[in-house]
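Hello,

Here is the structure I promised to pass on to you. Have a look at it first, and then read on for what turned up in it.

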2 protein chains.
Amino acid sequence: MPILPPGVAARDFTAATRLFEEAVGRDWVFTSDEDVNLYRDAFSTSWGEPDELIPSAAVAPANVEQVQAVVRAANRYKVPLFPIATGKNFAYGGPAPNLRGSVVVDLKRMNRVLELDADRYTCLVEPGVSYFDLYRAIQERGLKLWIDNPSPGWGSPMGNALDHGIGHTMGRHRDHFGSHCGIEAVLANGEVMRTGMGAMPNAGSWQDYPYGYGPDVAGLFGQANFGIVTKMGFWLYPQPESYRTGLVTVPRRRDLDGLIKAINYLEQSYLIGEPILGSPLRRALAKSPSLRALVTKTGGITDAALDKAASDENLHVWSCDLQFYGPERTNKANWEFSKAKIASFVPDAKFYEGESFAMPPKGDQLNNTISPFPSGVQRRQTFGIPDLAVWSNISRTDADPEPWRDGHIGFSPVIPRTADAVFKAQEVFVDALAEIGVQSRVNHLQTPLCWFQRAFVFITTFPTSKTNPEINRKTREAVKKLIPIGAQHGWGEYRCPPAFQDAVVEAYSFGGHSLRRFNEAMKDAADPNGILAPGRGGIWPKRYRGRRA
Amino acid sequence: MPILPPGVAARDFTAATRLFEEAVGRDWVFTSDEDVNLYRDAFSTSWGEPDELIPSAAVAPANVEQVQAVVRAANRYKVPLFPIATGKNFAYGGPAPNLRGSVVVDLKRMNRVLELDADRYTCLVEPGVSYFDLYRAIQERGLKLWIDNPSPGWGSPMGNALDHGIGHTMGRHRDHFGSHCGIEAVLANGEVMRTGMGAMPNAGSWQDYPYGYGPDVAGLFGQANFGIVTKMGFWLYPQPESYRTGLVTVPRRRDLDGLIKAINYLEQSYLIGEPILGSPLRRALAKSPSLRALVTKTGGITDAALDKAASDENLHVWSCDLQFYGPERTNKANWEFSKAKIASFVPDAKFYEGESFAMPPKGDQLNNTISPFPSGVQRRQTFGIPDLAVWSNISRTDADPEPWRDGHIGFSPVIPRTADAVFKAQEVFVDALAEIGVQSRVNHLQTPLCWFQRAFVFITTFPTSKTNPEINRKTREAVKKLIPIGAQHGWGEYRCPPAFQDAVVEAYSFGGHSLRRFNEAMKDAADPNGILAPGRGGIWPKRYRGRRA
């Protein structure tokens, strides 16, 4: 007997399962432990414990009509559903639901690339289309369309966008939700709705103009539970003619201020792609205990102390990889301009010429790292070519130190795109993690990620284990302590696994939680039986509101 | 005695007015005809008629707390409110409400530029801040921040964005709602809510990262009635170093296809600013009755006929003004690249060098038109400098032909960014307007506007009159007939005056109007008494739902 959704009698669950089978066929309703196990989160922080977020069953519809039938059946018996696209949201929850016992609606069978427009640079995809699928469809048709993908590429444009995921090319492209144009969703009442121009039957511009007329409700479908998204349009881009790289380093700790101001200028002027900050000084860490002690010191560090350490090692403190996409001569002009702009802030910045070649890249161009100070950046993702490189980097073996063997979760606070915020975040998290007593990679050389166009994310990861509950306990404790510590400084998470979504939303408390109350009032109106992904995005329907962590 | 909101007894209205006076002071509650007249829509299509959308009163709060008090008073007596920022939405309704008798909440006193960040290129403004105000605040502080404004510039960034308004620089900037980052709104229950990172108290990144955590509800505040927006953040941009123009013309009607494909490539690659399509052949219209007859011919025209006419006049059929913003050498490289790209589609395209100068422009640079074929583009708006040029162009005198003396409204359907859509729209609207029997400027040389980054808008204007009801009757009839005609082809309006919003939304009918039902379910949950802008965006609260046109 599988676990049951809370508040659903076994008889009702069985009856709902029958209706699911009628809707999608018996082969596509999964209730055996063996099948349901596939929908557990392999990176769960409660693996095997009584509160692990395990579904009761899964159902895999083949089309929109079947999704509607599943939703109607769930409404009839008040069975909570949890829709997933490809379910590859590792480190942020995988395919597992917010509410233990929910029925996963696995949309992988709906995997058609419905539209690809090479003149208007758009696509329309179903949930089960992965970045690999989309890339392959473009290549097969010989189109010069450019996509922006995260790494690994087995996730779906839809699932990634709906969890506010990111990529690695130009600023506006990297915001995957912000790059969508047009949503079709099955609502909790079983109706099909389209946003934007999609609400106009036969509109030829569904993927071109996002708003249609009236309010734009698309935002309600990201990190939330207002519908099961069945189609989603995206803006793609023209394949650039050419690609160029360059590297800059700046000598002193405080030079990060000018460096960030310069890259903000360059990026907001569309002159560069994703900037990648790093620290050349990191490579001295292994052989210098005194440097290691300095950069992990609690209570903050001084500019002078780090500057002296850098000078002793004859290394600059910070680096930034720059990337240029466009016509060859434009890239060259933009690189020259970038050097001048950065030097106007940091006169003794050093510049290193990178490569320049035609797009798409070939052979070694695909794999070269950018700079003499390897930043760990996977080259393919900067070209918009899906791969699994990040995944293979974090797929551990038995030889790895135990805590990192099985998996990890991301703790991902958004901080302002300023040097002051970076220095403060380094100090706060170094201190907090020392106090909590958890090993981490946060130190005074950690640089933030520039995924977002206008803000930094200052990511820390914590290990998860399938065999050692103590590792998971420590991770849970660390994250639950860090969330309010970040919030004291105004840093909130942009994304997190279901187990922590309530805690994250708890910190978004302006106006005595007026946003959460607003969301829940909307949720109750849209989904009175609370059947769609209860708890997702910290939004609990009336029926389950008492379950808030 | 002023008119009353429907369903509100005189006694309740008086009691509410008292509470408004307590909230904002007697001087800021307006009930006299003289005062209330200022909130009529000067471009109303029902001027002086019994169904003109006239408010009953106006109230002007000075701060958020006063807005909250006004909302609470309105809730107590169920008085419908209609918030305006600067109320300058001429041609799309001005300051007048959707529901006759609503009380205008005039937010002009809340006019502070609260934040201007020259390192992160953002601002936070109150409703009453105009584009002039914002521009002036930037200049006074000597900041190199670039804004994107519509013309005229007396409207507000907030009001313009909330009605999905547009500007005239780079593609993403021109989408003013899409360029916002962070909303504060007073909800119908009187609570204050902030979206995105603003829901995190003391977040330093409210204007930097739009989503925060959970669903993005910001879209509900555009073209709708889910709250009174009291603060709004925007992404601004670095002032570009330099500006350059160039002009291209293509000889044949069908060359529009290649021209549009080329500008789509250039714009989606961030290489150009707003492209401005035109037709050099237009200047032959005045002296060629046969050309005029051809371009206004019903039943469509052939390529051959228009090509022969162009050839007879020794003129090319289409033109496009190109604009470049960036470092000087980048602009030069992008112009050279643009010529090559366009020529790859239309080998006998002709190119004309424009100007190139440093930003900000000075002297004559501010006023020169771009090209030898004047497109009517106001130069200042392409620099992000607010002016009133468009306004002075359409401020008529008694010497003007009567129909255009008083005002006009815009009929603004979104069409795909393709030549086929342009030819079809020309044909459909030429035929429709001939059939309706209304004079218009639509003809087979009309080019669409490239305001949106990915779609065209194919605008027609119709006159309004304060003295001749027949002109208004004809305009109403034309618009009401054109809306469903456009919808047959999948073309929906992006914006329209209150008098036509129900008709526009009626055409966004996918799924048996599932989007409208969803919006109204949300509305009823957020605003059970239906006090906020009933009817705005075609969304009628339960209480007034029977009033849908």
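Let me begin with how the two chains are related.

Some ground rules before the rest. This is a predicted model, in which local features need pLDDT of at least 70 and side-chain atom pairs count only at pLDDT 80 or more, while totals for chains, interfaces and linings use all residues. Residues are numbered from 1 along each chain as its sequence is written, chains are lettered from A and ligands numbered from 1 in the order in which they are written, and side-chain values use heavy atoms, with hydrogens and water left out.

Now the interface. Chain A brings 99 residues to the contact, and chain B brings 99 residues. Between them the chains bury about 8500 Å², with 65% of it on carbon and sulfur atoms (buried area being the accessible area, with a 1.4 Å probe, that two parts lose on being put together, summed over both). On the chain A side, Tyr213(A), Arg454(A) and Phe510(A) lose the most area to chain B, together 12% of what that side buries.

The rule finds six salt bridges across the interface, each a side-chain nitrogen of Lys or Arg within 4 Å of a carboxyl oxygen of Asp or Glu. The side chains of Lys261(A) and Asp119(B) meet in a salt bridge at 3.9 Å, N to O. Helix H16 of chain A (residues 510-526) gives the most to the side of chain A that touches chain B, with 11 residues. Helices (H or I, at least four residues) and strands (E, at least two) are DSSP runs, numbered from the N terminus.

Glu520(B) sits in helix H16 of that chain and counts as buried because its relative accessibility is 6% (buried is under 20%, exposed over 50%, partly exposed in between, with a 1.4 Å probe and protein chains only). Its C-alpha atom is 6.7 Å from that of Trp540(B), 20 residues apart along the chain. Beyond neighbours within four places in sequence, Glu520(B) is in contact with residues including Trp540(B), Arg545(B) and Arg548(B). Asn160(B) belongs to helix H5 (residues 157-162) of chain B and, at 10% relative accessibility, is buried too. Leaving out residues up to four places away in sequence, Asn160(B) touches several others, among them Tyr131(B), His176(B) and Arg495(B).

Finally, two sheets in chain A. Two strands pair if DSSP finds at least two bridges between them. One open sheet has four strands in the order S1-S2-S4-S3, with mixed pairing. Strands S1 (29-30) and S3 (81-84) stand at its edges with a single partner strand each, so one side of each is left without a neighbour in the sheet. Strands S2 (residues 57-59) and S4 (residues 103-106) run parallel, joined by three bridges, and Val59(A) has Val105(A) as its bridge partner. The other open sheet has three strands in the order S18-S17-S20, paired antiparallel.

Best wishes

Terms used
Contact = heavy atoms within 4.5 Å.
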